[in-house]
6 protein chains.
Amino acid sequence: MRQDGRIVCFGEILIRLSAPGAEFLLQTPRLETTFGGAEANVAVSLARLGHEARMLSVLPDNALGRAAADELRRYGVDTSRLRTGPGRMGLYFFTPGAVRRASEVLYDRAGSAFASAPADAIDWTSELEGAGWLHISGVTAAVGQASADAARAAARAARAAGVTVSFDCNYRPSLWAAWDGDGPAILGEILSLSDLVFGDHRDIALILGRSFAGEGEAPRAAAAEAAFAAYPTLRRMASTRRIQHSVNHHDLSGFMFDRDGGAWSTPALPLTPIVDRIGGGDAFAAGLIHGLRRGLDDQRTLAFALAAAALKHSIPGDFNLAREADVESLLSDGGLDVRR
Amino acid sequence: MRQDGRIVCFGEILIRLSAPGAEFLLQTPRLETTFGGAEANVAVSLARLGHEARMLSVLPDNALGRAAADELRRYGVDTSRLRTGPGRMGLYFFTPGAVRRASEVLYDRAGSAFASAPADAIDWTSELEGAGWLHISGVTAAVGQASADAARAAARAARAAGVTVSFDCNYRPSLWAAWDGDGPAILGEILSLSDLVFGDHRDIALILGRSFAGEGEAPRAAAAEAAFAAYPTLRRMASTRRIQHSVNHHDLSGFMFDRDGGAWSTPALPLTPIVDRIGGGDAFAAGLIHGLRRGLDDQRTLAFALAAAALKHSIPGDFNLAREADVESLLSDGGLDVRR
Amino acid sequence: MRQDGRIVCFGEILIRLSAPGAEFLLQTPRLETTFGGAEANVAVSLARLGHEARMLSVLPDNALGRAAADELRRYGVDTSRLRTGPGRMGLYFFTPGAVRRASEVLYDRAGSAFASAPADAIDWTSELEGAGWLHISGVTAAVGQASADAARAAARAARAAGVTVSFDCNYRPSLWAAWDGDGPAILGEILSLSDLVFGDHRDIALILGRSFAGEGEAPRAAAAEAAFAAYPTLRRMASTRRIQHSVNHHDLSGFMFDRDGGAWSTPALPLTPIVDRIGGGDAFAAGLIHGLRRGLDDQRTLAFALAAAALKHSIPGDFNLAREADVESLLSDGGLDVRR
Amino acid sequence: MRQDGRIVCFGEILIRLSAPGAEFLLQTPRLETTFGGAEANVAVSLARLGHEARMLSVLPDNALGRAAADELRRYGVDTSRLRTGPGRMGLYFFTPGAVRRASEVLYDRAGSAFASAPADAIDWTSELEGAGWLHISGVTAAVGQASADAARAAARAARAAGVTVSFDCNYRPSLWAAWDGDGPAILGEILSLSDLVFGDHRDIALILGRSFAGEGEAPRAAAAEAAFAAYPTLRRMASTRRIQHSVNHHDLSGFMFDRDGGAWSTPALPLTPIVDRIGGGDAFAAGLIHGLRRGLDDQRTLAFALAAAALKHSIPGDFNLAREADVESLLSDGGLDVRR
Amino acid sequence: MRQDGRIVCFGEILIRLSAPGAEFLLQTPRLETTFGGAEANVAVSLARLGHEARMLSVLPDNALGRAAADELRRYGVDTSRLRTGPGRMGLYFFTPGAVRRASEVLYDRAGSAFASAPADAIDWTSELEGAGWLHISGVTAAVGQASADAARAAARAARAAGVTVSFDCNYRPSLWAAWDGDGPAILGEILSLSDLVFGDHRDIALILGRSFAGEGEAPRAAAAEAAFAAYPTLRRMASTRRIQHSVNHHDLSGFMFDRDGGAWSTPALPLTPIVDRIGGGDAFAAGLIHGLRRGLDDQRTLAFALAAAALKHSIPGDFNLAREADVESLLSDGGLDVRR
Amino acid sequence: MRQDGRIVCFGEILIRLSAPGAEFLLQTPRLETTFGGAEANVAVSLARLGHEARMLSVLPDNALGRAAADELRRYGVDTSRLRTGPGRMGLYFFTPGAVRRASEVLYDRAGSAFASAPADAIDWTSELEGAGWLHISGVTAAVGQASADAARAAARAARAAGVTVSFDCNYRPSLWAAWDGDGPAILGEILSLSDLVFGDHRDIALILGRSFAGEGEAPRAAAAEAAFAAYPTLRRMASTRRIQHSVNHHDLSGFMFDRDGGAWSTPALPLTPIVDRIGGGDAFAAGLIHGLRRGLDDQRTLAFALAAAALKHSIPGDFNLAREADVESLLSDGGLDVRR
């Protein structure tokens, strides 16, 4: 996979409106506003880790769209190629869970500028000039027909240009249902254009129409084997496993497989009490891309990705704001006490 | 006009998301959430003034829609007949102005449950049972074809049932433009079914395709004369005049005319520094309805309405939370010092 | 027990003034204000679960009393029969605990309008018209002689009218001590008029002047047997067991017994880290009443009650704002991960 | 008047619970907590101005009482002689006004430890050792019979010990009404023991049962003449005049008279927009005492007092936290621009 | 003056720590954090107005320095050439004034990375490649000998490279006093290298050792004449006049002169109540540079600058976040009412 | 050790500026401000536990320095002998950790008034009049040469005057490195003047240049033996052991040894989730001094100290605000449930 050239992330940027503390939505008259979106989260994380990351998206030409672009720029993402278009800003309302009450996401993204953009809004050939890596996710494909088409066009153009393609399955049933999209077929097509996939046995089962019994490494290994068989360009597959003892107490471990039979895993890391679980998968993806781009060895790459994901759970908002030194510090076991 | 029977208000309920202080939208990561909507504001104000007020609207069946209904119920509005339907919650983002920077409203109400409801979603004959008064506004008509039709159907049904109809012109060009609605024609049709209209010479000029030169009482009187001539059922017309010295320093006065040539006005009330100007017109409308329902004399009715509007400018949010005693206290000139 | 008719709750409504975060009281210059009171908590919870719940209480005729009524109405409680009377608003100051520092309640309710109301302020015969259920608690009896008399009068009137009576012992030594009330005797008298009691072996031991050794199900079963023997109208007895590992880490389980020897219990549910423990017992009571009113089977009824209590621990304030779907979701083990 | 010895202030300390911004009480679920009380305000202001000020009061022995004492100590008041006693903490709820809506104080001080203390709780002879000045106000006298008696005993003891007595009339009708106290008689008795009185013609009219027509200096001069005639020990009388253009725009001027016919006044100082008007009179009293204790000339003393009062209007809370340099800076007209 | 090429701003970036509301510093346990510095303010304002603005400065390599850079990048400033160096982050504590209490700045910038940087830390020849404009201010010169030298070196290099130099006198006595710097001489030397100076007759008087009597346009015109005579490269001089009625009520007008005898002024704009006065001069400078770069006519340029400065007074923080459309809207007198 | 006489604490007082929640520093534009410093923490804790504690330090004569003194006075510390001097206020920025991300302290104390004070700024002979105990810590010694000298002078003077000396090693490598101070030598010298040392085997190893293998009681016992051998005046040594399962889940136990071979330890107390870990060691020190001053038996003294330290972990800020009754309540195992 390529270690040179800019990393391009393509997807929708959302404003997140969260109830403060562990309140129900609008229990008190205040919402906390942060920004997110699967690919934007990856872009921010990569920029914070020191990479040149560019975001491609479509935003409304209003105060909300501009604020979203500003926030990505704040964290070092290249926002010079963001487009504006008709439509509203995509939002999601977030009710953080606690104890045994699960968190809830209420999407309010219908009619967004991103969803309303035509599939050919972006000329991928020119946009990928200077790029070495393209990252997209299944959320983009799930937003609607046009963005599903755009995601496929992006992956095809990247493939054609020798740009590495990473793809995070991120299956969101409610989004697919909203426009009756054929999730498995579309995700499969993007997978067939990818070099690296973030997904576990459940994702592969859904896409290939198969099933992989069990939990942990075994079904993931089987699913990886099946995916490598089905998709000749695919070279790596990575995922996390999340065991949830309570809403804010999880154990997280990481797995990675390559086409040559390589398999790596990490011990489970207990995370409690979690500050903010949103974006954990995106932080993992960014951490893994970091390891591959930096040429870390495979085990270190996976460990770095898991540590990045773990850190995300301690940071409010969707973005993993940790820097390379923060991740290294966790990896080197510098201790958990106050650093002075 | 009828002083018996419930007051029914029909219109869209919105969540307002405001930047705190005098910040730009999302300058800091927090929004203050209140609720509004022209007719909901009138309903809350009437309930606080001691009237039986019922809100008719369509909300999404989700946490946001339920929170909106809860907030109206909190202030004593009868929410038992609110409906739910497909679509999202109508929002508006508010950037409060200051000094010489005007406040800005960014509507985000496209695709709302209210706008998506069919014109015949409400059976007006049965909904108006027990009602003595119907209040609607030009905002409802401006939301889209279906709600424009619904507004007209409501007014027609009320007229047929002997229910007094009050109508606030509330002309919002950006909403009419969004669906290319013929504002003047539709507003005129509703006006032709009304007993009481809230509007000034600019509203009447727009609807009748005429113009009334000047400022203050004279053009308002001329417009009232024209309106009474054009609309035989119309019996009263009332409006405020707002002179703005700066964003938060206004002078407010009130005017009322009746079909028999009666004309009333109030001295201008200086308001500075204004806390929240939104909902001032709705507070005036509710105050005037209060006076008419309670049988106050005409001058007192207008003075009560203006005092209610003035109080609204001292209260955060869209709702005028003042109670009858608060308005009376302002009217009786109880003084401006601390009450202990 | 009756499944028809309105549920009437009688007791004092309090404003809670809480230190934010884990601060000592007034460590920083801000208090968070919510509302509570054992019976009000039950009323809100029942209204949120879809029941017709009416609150009977006495409030001061000032801004605080009105705010308390507004908040109950917000959540769907019927507040149309709340009375006002001389006296102040009952308050309690709350210092939330943490780690190994216990939470503290500082009652400031002496001289409240509720405590000052005469015992015959409410004509129970007329107030219970249309009612199917009356819920009261030992807190009401403990406020003072007049409210102890009122609580007994309410229970007697309900008994006479065929209205089911549920009673939560809620023994509060500091309140009884303040007026030297004979807690055991008065609680026993109310118990003798009840169909359902919320209490454990410690409550029954206190009331009957006996003791039941041990922890868990055995002493609760013995106490239930004794209570059924002593109080012929009593048909069910339910309680929770709370094992506290730290201030914010508890295990909670539920127990229910009936006069026919039926005994039900639930596994212990670990709750950590708890957001707000206040109102857990009231949420349990409301959940159990919900199950009985809806005709759920006994085990399901108890499980629902425990799940409702568990959810309360994740919600700031005294009120369990969970809706039926929230409780069902916990019961059906829909998982602890983010719901999108 | 004495310039040596400690200044002793005697009165009730209250916690103030304020709605934030310009909200109605409990419009949002938060109250801001500060501390106040007429005499405590004077004590804090004097301590900030560099004087040795001791507070005498009775507080409950709980977290609230201790927090009140801590806050006074924070600002340099000597709290070593505060007592505790049975009863609750005195509170007042504050709804800040705006525009044309007056601020409102809702007292909740019935049954406080201060009000419940017996009249002889304090041995004034020993408490006044080392004191050169005693300051009390009409609020203390108005709290109830016991504190009215205590206030008189304090003034008598001070008189006997050659300690200068200053008295702020601070007439609060609602407090006197609550226990049917004879305000004019009691205030008159304290006045007859005072050296310096803070009050205007309305206060003297009330106490002497006379009337002084007009506004401004003339009626104040006439009232002073009458007071000096009626009370032989009285040597000075001072007051402010407050003209209110709106709730937060006042003009404030100061007046002082002495027994020898001396009369001083200041130009009116426009104050807009006022941040917090509470405690303005107490700041004036402290400023005047400061001038007298420091031996400033009469005009300077009055100007200092008025500047101190003016500064108070720019500071949130009851306390005037300004230091001597802050007042001097306003007096010396150092300009209104940012100081860097 | 050049309209092409990047605008480079050179100066210290500071974190501002402000007391909230109108509180004294640390009156409550919270500080609001924003960012500022005279040249950073100009850079942000220019970026918001659509210009390519680059900031040159030296920051500590820690979380504070990085946050400062992030915030500038957020608003579109090119931060790619910011340096890091030993030393701390420059801070200033801000106590906002109110009513008649002036605001206070407490600088805490001794030992900052900027102040500690050697005078030749920046190779101006290479840094000015691609630049068309350099903006510096007297604050930079006042920080210490090294930064005074750096400021002069920057101006010399710009002059040599044909880069337009604008200079804001910004005389800060407390900074010059701290290192005993010869302010007039150093400011004069920079002035001798400038094309455009922001300053009034007081600045020129100080630098030239002369005096210009009076207020308003006349002394400014005389000072401009003197400056043009003394400094042959100087082509324009601009300033505002600020009349302060109270701490938050000012009248602001603008003046501009050119070497050819051109003189422009604006009417005074009343500003009340001001939200945040800091950065008003920097907003004026940026607005004027905007007009000159865009080729607006002279009167329009000055009007634009004054409108930009006026808008700044309505925005919390040091930065003028207004965009070109906001300024145009104020200029075109679009009215002060809510924009929907 | 002496149980009479005032306790004097000598060291630097710092303002702590903390990111709210679990945010990164300046992630959102707000910092929470509290006060701290190792010796100030001990002084506050002792004052809250009922002891006469006086703070000796040097503060800048500005709003920040005064606020620091005010806060100590608020909690009952005698601040009458604090000095002011040239230099800035010492600050530290705090990024609270979470989950597996360690907390971080960013010191910003270079050039503080305390660090800038000459070694002989304080005349120890007169300052120790009336004192029975002196407490200092290794932080004071680490600030710079002058404060190291001052710490030694203080200890010597105390020794000479028969004042008990307690010393907390508090080794901070980053502070020593900043001025190249010989930490082991200087700490050793102070130790040679102490009666009681707070430190574990790592501290003694560093100071004596030895090593003590293992964890828990054994190496602490060996280190104590070595310390008693090396320092003849030393009579007791105490420390905590902290096992960290995650950033906010620790097990804490206490150890104490005396010169006569006495050894005491406590069971480990699990602390989770920790609210604020800063100041835990200072709370332990204060608790131990409390036990010794009150003459508690040795085991009780150690248990009290550990309970005090445990409580500190539940309190926001550096100060242990627990009072004696709070500690006793934890010790007596009054239970973890809400106290009403």
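Author: Over all chains, this predicted model holds 42 aromatic pairs. To count as a pair, rings of Phe, Tyr and Trp (its six-membered ring) need centres within 6.5 Å; planes under 30 degrees apart are stacked, over 60 edge-to-face, and the rest tilted. Before we go on, the bookkeeping: residues are numbered from 1 along each chain as its sequence is written, while chains are lettered from A and ligands numbered from 1 in the order in which they are written. As this is a predicted model, local features need pLDDT of at least 70, side-chain atom pairs count only at pLDDT 80 or more, and totals for chains, interfaces and linings use all residues, with side-chain values taken over heavy atoms and hydrogens and water left out.

Phe198(E) belongs to strand S11 (residues 196–198) of chain E and Phe284(E) to helix H11 (residues 280–294) of chain E, so the pair ties together parts 86 residues apart in sequence. Helices (H or I, at least four residues) and strands (E, at least two) are DSSP runs here, numbered from the N terminus. Phe198(E) and Phe284(E) are both buried, where buried means under 20% relative accessible area, exposed over 50%, and partly exposed in between (1.4 Å probe, protein chains only).

Staying in chain E, have a look at Ser246(E), which sits in strand S12 (residues 236–246). Ser246(E) also counts as buried, at 5% relative accessibility. Leaving out residues up to four places away in sequence, Ser246(E) touches Thr272(D), Leu336(D), Val99(E) and Arg100(E); a contact is heavy atoms within 4.5 Å.

Chain A has some rings for you too. Phe10(A), Phe114(A) and Trp124(A) make up one aromatic cluster. Then there's Arg101(A), whose charged end sits over the ring of Phe24(A), 4.6 Å from its centre. In chain B, Arg101(B) lies over the face of Phe24(B), 4.7 Å from the ring centre. The test for a charge over a ring is NZ of Lys or CZ of Arg within 6 Å of the ring centre and within 35 degrees of the ring normal.

Where the chains join, strand S3 (residues 30–36) of chain A and strand S3 (residues 30–36) of chain B pair antiparallel over 3 bridges, and Glu32(A) stands opposite Arg30(B). Two strands pair if DSSP finds at least two bridges between them.

Chains C and D hold an open, mixed sheet of 8 strands as well, running S8(C)-S7(C)-S2(C)-S3(C)-S3(D)-S2(D)-S7(D)-S8(D). Inside chain D, strand S2 (residues 14–18) and strand S7 (residues 91–95) run parallel, joined by 4 bridges. Ile15(D) has Leu91(D) as its bridge partner in S7(D).

The peptide bond from Thr272(E) to Pro273(E) is cis, with omega near -15°. The bond from Thr272(F) to Pro273(F) is cis too, with omega near -15°; Pro273(F) lies in the loop between strand S15 (269–271) and helix H11 (280–294) of chain F. Asp180(A), not a glycine, has a positive phi of about 65° and lies in the loop between helix H7 (173–179) and helix H8 (183–191). At 70% relative accessibility, Asp180(A) is exposed. Leu26(B) has phi near 65°, but this residue is buried, with a relative accessible area of 7%.
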